[in-house]
Amino acid sequence: MRCTRDGVRVTEQLRLLDDDRPKPVSDGGFEMVIRESRRAKSLILQMIPPYTLEVVVPRGTRPRAVKKFIDDNHRWIEKARSELRALYPAERIAPPTEIEFAAVGAHWDVRYVASAGRKSRLRSTSHTIEIEAATDSREVSELLRQWLLAQARIYLKPWISREARGIGVKPNSVSVRTQRTRWGSCSPRGNVSINASLLFVEPDLVRYLFVHELCHLQHLDHSRRFWHAVARHEPNFKSLDRRLTDSWSAVPVWALQR
Ligand SMILES: [Zn+2]
């Protein structure tokens, strides 16, 4: 079993399955993707901030059944769209002029310079980032996301290793990714994955997520024994868990954009 931290509040049916590549389907403006999954047992709708609605379908589902499912859920879809619009208004979509990592108290000013060649580039020092890129905002987002991943490896990997030593566990591997729907996960093989966007949230939340995923190395479920283990290392886990679930608004749009 895997642990999931969902990004959006209204989605009780939100479940996270990320095998297979999404298949885009045009849906007048808002992007909707249909993704076939081996693990899905039923059709699932989920929001992927900032602009995507995803329908996860069990392998072999007929297109007609998918269409009916979308039609049957049009109210939920409308509601989801207006939530996403409210969460990600146009101002949040502009390229950033500064970046703040609340997790580690680091700050960068971001400057943009006209691109001299065809290739876009990002250069960073300890306090400034200079981006040389075309006008395409997705290109800027992509550069920043690669930079974010590198920063997360620098800051978060040693941190989770320290927490693992404190708890007395050893993950098989730790990988850093930029995900839009969860903060972290732990596989049955002991591979822990952490979201680079944890850098945008408060340090106590980062530590809690680490404790949570690392405790899954001992209990691969959300049983009482699991929560007992979490409580031993973080007595305040309930409120931290709630705060972390509510923290997606701290993640800038460029870190979510694809
Ligand atoms: Zn979990």
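Reply: Two strands pair if DSSP finds at least two bridges between them. Strands (E, at least two residues) and helices (H or I, at least four) are DSSP runs, numbered from the N terminus. Residues are numbered from 1 along each chain as its sequence is written. This is a predicted model: local features need pLDDT of at least 70, side-chain atom pairs count only at pLDDT 80 or more, and totals for chains, interfaces and linings use all residues.

Now the sheet. Four strands form an open sheet, ordered β5-β6-β8-β7, with mixed pairing. β5 (98-101) and β7 (121-124) are the edge strands, and each pairs on one side only. Direction ignored, neighbouring strands are turned by 20 degrees against each other on average; the axes behind this angle are lines fitted to C-alpha atoms, for helices over the stretch in contact, and angles run from 0 to 180 degrees between N-to-C directions.

β5 runs antiparallel to β6 (residues 106-114), and four bridges join them. Glu98 stands opposite Asp109 in β6.

Next, what surrounds Val201? Its contacts include Ala102, Ala103 and Leu244, not counting residues up to four places away in sequence. Contact means C-beta atoms, placed from the backbone, within 7 Å.

How far can you trust the model? pLDDT is the predictor's confidence in each residue, from 0 to 100. The protein averages 84, and 86% of the residues score at least 70. Among the elements, α5 has the highest mean pLDDT (98), and strand β1 (residues 23-25) the lowest (43). Over residues 1-28, pLDDT stays under 50.

Technical notes. Two residues are in contact if their C-beta atoms, placed from the backbone, lie within 7 Å.
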